[in-house]
Amino acid sequence: MDALGGFACACAGLVLLLLLAAAHRLGLLYQLRHKVDPKSSRHGGELVAEVLRAHGVRCLFALAGGHVSPVLVACEKLGLRVVDTRHEATAVFAADAVARLSGRIGVAVVTAGPGVTNTVTAVKNAQMAESPVLLLGGAAATLQRGRGALQEIDQLSLFKTLCKRRTSVRAVRDIVPALRQAIATAQSGTPGPVFVELPLDVLYPFHVVEKELGQATSPGGLRRSLVHWYLRNYVHNLFAGAWEPRDMTPLPVQVPLATAEQVQQVAELVSRASKPLVLLGSQATLPPTPVEELRAALEALGLPCYLGGMARGLLGKASALHVRQNRRDALRQADLVILAGTVCDFRLSYGRVLSRRSTVVAVNRDRAQLLRNSDVFWKPRLAVQGDAASFLVKLSQSLCGYSCPREWLEGLQEGDRRKEAANREKAAEPASAHLNPLALLHRLDALLPDDCLLVADGGDFVATAAYVVRPRAPLGWLDPGAFGTLGVGGGFALGAKLCRPEAEVWILYGDGSLGYSVMEFDTFVRHKTPVIALVGNDACWSQISREQVALLGSNVACGLEYTDYHAVAEGLGAKGFVVGSDAGEGLDAVLRAAQATCHQGRPVLVNALIGKSDFRQGSISV
């Protein structure tokens, strides 16, 4: 009997544990301690809006869809600006620009299925650009998954390799903690995008969800009664504790920092170097160090600098420390190279441009980027996994009174002057037809105001502009980054203008890249965000054509037409100009008219017809 009694007790205990587990899984235990208010008209979109506001979000970008309507409506009611675009990728690009320029999280909201899949390229671009973007995606109700719901796909799998964090919210009460954790993850360490999936049933009010799941009717029969009970319990568990007070303030952001010993080691290397050089990449512009503080530190250090990506403009328009030309030659001569957020990928020929005689110091938040190709083409004396900007600030403080060898800096400056004089001579040459692109870009550079912000979206024309047009100030240049994505222009300009409404925002477009986002002129008009687009129209995918014809003997798929893009802009409500030579109105007159029109509040597109140039002969696009 004792054995049987013990067995019976064990079985009873096991059954009890199974019942408790089932009760927990069904949310019955949680519902005992937390209330549900079936009569409440509140919805999950309100919690999303409150979290975003608590994190300093001022605007978000979206393309409308029923799956996410509660989020958009709630954000509007709380005073957040909702900017709807003509493509979901544009919404993510705009959020990316906001994140880069403001230091806050950038937010895009898209509907389920195709709305989410349309963002994939833009999310990957944000990942490679190390930009903290929060993508909120609608989804079918959790209970309807696998049943053929509208626009239902496995969205989390799409972002497995693209996002630092991806999560699907299962109950209304989970919205706040899920968003707080996602935002902190996006901004910590090496920043990057995160994806939060918000199913229909956590966004809409109780009565709507109850009706949508079809359980408001009276039960009949045992089977229907069980189904009715399950659905009723499911809905009540979704909303249990939904409106209880929760902390919405931002979680701490973790940023890796260099040690004092590492800073001192580099300070000693700098003090002994006769030809030091600093290469700054986009990562150097990341928070928490303000870009003006970084600029002051670089000016105090006095080391010659090459600036790439978002770091362009960091030292202003005409700093004596900013070396713009002949980087390969300078790297061959330098005896100390500091890679501050710069990666040895294709942009530095995988490290092959670094001299084996040089002492190399690499600073990067991401270990994989820090040591990229170091086992093949280069080797750092010191690899610092930490924030580049704060490292340079500390280095400047430790080298107070240091002076860079004058002959080295003057030699680099003289090389710049010779190269830029040669570029001007090239600009004076007549093009085979229409405008010389170098002449066009030199005129643009002469007319740009100090408060301008430049968005780069193109291949050959934009790469030429990088040699000629000088960003005026820190965070005055936006380009896609290492992914080289075409189509960023409309979204980047939209985000930039909303971040800096007083700035004169210019998009430098190739005629090929314009095709991706020209419809966003409708967005610029509707949302009163006047920007200026300068299209280098050479009727060709020239960056591809140049090498394809030379190597393979065919221009197939590279030819375009001298299309009237200015007329397209006019059709969307913007102002269009066309210029094809210095005759008639004159190039300067057209550019000034574009500026005047923009200042009056109207978006502008300048269709600049340009001829062929061999300025970038020998450059490759792979």
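Strand β9 (residues 336–340) pairs with β10 in parallel, through five bridges. Strands are DSSP runs of E with at least two residues, helices are DSSP runs of H or I with at least four, and both are numbered from the N terminus. Two strands count as paired if DSSP finds at least two bridges between them. In this pairing, valine 337 stands opposite valine 360 of β10. The other partner of this description is strand β11 (residues 382–385), which is joined to β10 by four bridges and also runs parallel. Here valine 361 stands opposite leucine 382 of β11.

The model is predicted: local features need pLDDT of at least 70, side-chain atom pairs count only at pLDDT 80 or more, and totals for chains, interfaces and linings use all residues. Residues are numbered from 1 along each chain as its sequence is written, and side-chain values use heavy atoms, with hydrogens and water left out.

Strand β10 (residues 359–364) is largely enclosed by the rest of the structure, because six of its six residues are buried. Buried means under 20% relative accessible area, exposed means over 50%, and partly exposed lies in between (1.4 Å probe, protein chains only). In a regular strand, side chains alternate between the two faces of the sheet. In β10, Thr359, Val361 and Val363 point one way. Val360, Ala362 and Asn364 point the other way, and all are buried.

Glutamine 262 belongs to helix α13 (residues 260–272). Its relative accessible area is 18%, so glutamine 262 is buried. Beyond its neighbours within four places in sequence, glutamine 262 is in contact (heavy atoms within 4.5 Å) with Leu382, Ala383, Val384 and Phe391.

The secondary structure of the chain amounts to 26 helices and 17 strands. The C-alpha trace spans about 100 × 60 × 45 Å along its principal axes. Of the 622 residues in the chain, 55% are buried. Contacts between residues at least 6 apart in sequence join residues at least 24 apart in 77% of cases. The chain exposes about 26800 Å², and carbon and sulfur atoms supply 55% of that area. Accessible areas come from the Shrake-Rupley method with a 1.4 Å probe; for residues, only the protein chains shown count as cover. The chain has 65 positive and 56 negative charges, whose mean positions are 5 Å apart. Lys and Arg count as positive and Asp and Glu as negative, while His and the chain ends are not counted. Each charge is placed at NZ of Lys, CZ of Arg, CG of Asp or CD of Glu.

Nonpolar side chains tend to be buried together in soluble globular proteins. A nonpolar core is a set of buried Ala, Val, Leu, Ile, Met, Phe, Trp, Tyr and Cys residues joined through side-chain atoms within 4.5 Å. The largest such core holds 108 residues, of which Phe61, Leu280, Leu339 and Leu395 touch the most other members. Helix α5 (residues 88–102) gives the most to this core, with nine residues. A second, separate core of 42 residues includes Val196, Val209, Leu213 and Val235.

The peptide bond from proline 287 to proline 288 is cis, with omega near 15°. Proline 288 is found in the loop between β7 (276–280) and α14 (291–301). Asparagine 326 is not a glycine, yet has a positive phi of about 55°. It sits in the loop between β8 (305–307) and α15 (327–333). Asparagine 326 is partly exposed, at 28% relative accessibility.

Helix α24 (residues 542–552) has buried residues Ser542, Gln543, Ser545, Arg546, Glu547 and Gln548. Helix α20 (460–468) is included in what covers them. Just after α24, glycine 553 takes a positive phi of about 75°. Alanine 557 lies in the loop between α24 and α25 (565–571). Its phi is also positive, near 70°, in a residue other than glycine. Alanine 557 is exposed, with a relative accessible area of 72%.

Phenylalanine 346 lies in the loop between β9 and β10. With a relative accessible area of 48%, phenylalanine 346 is partly exposed. Phenylalanine 346 and alanine 482 are 136 residues apart in sequence, but their C-alpha atoms are 8.8 Å apart in space.
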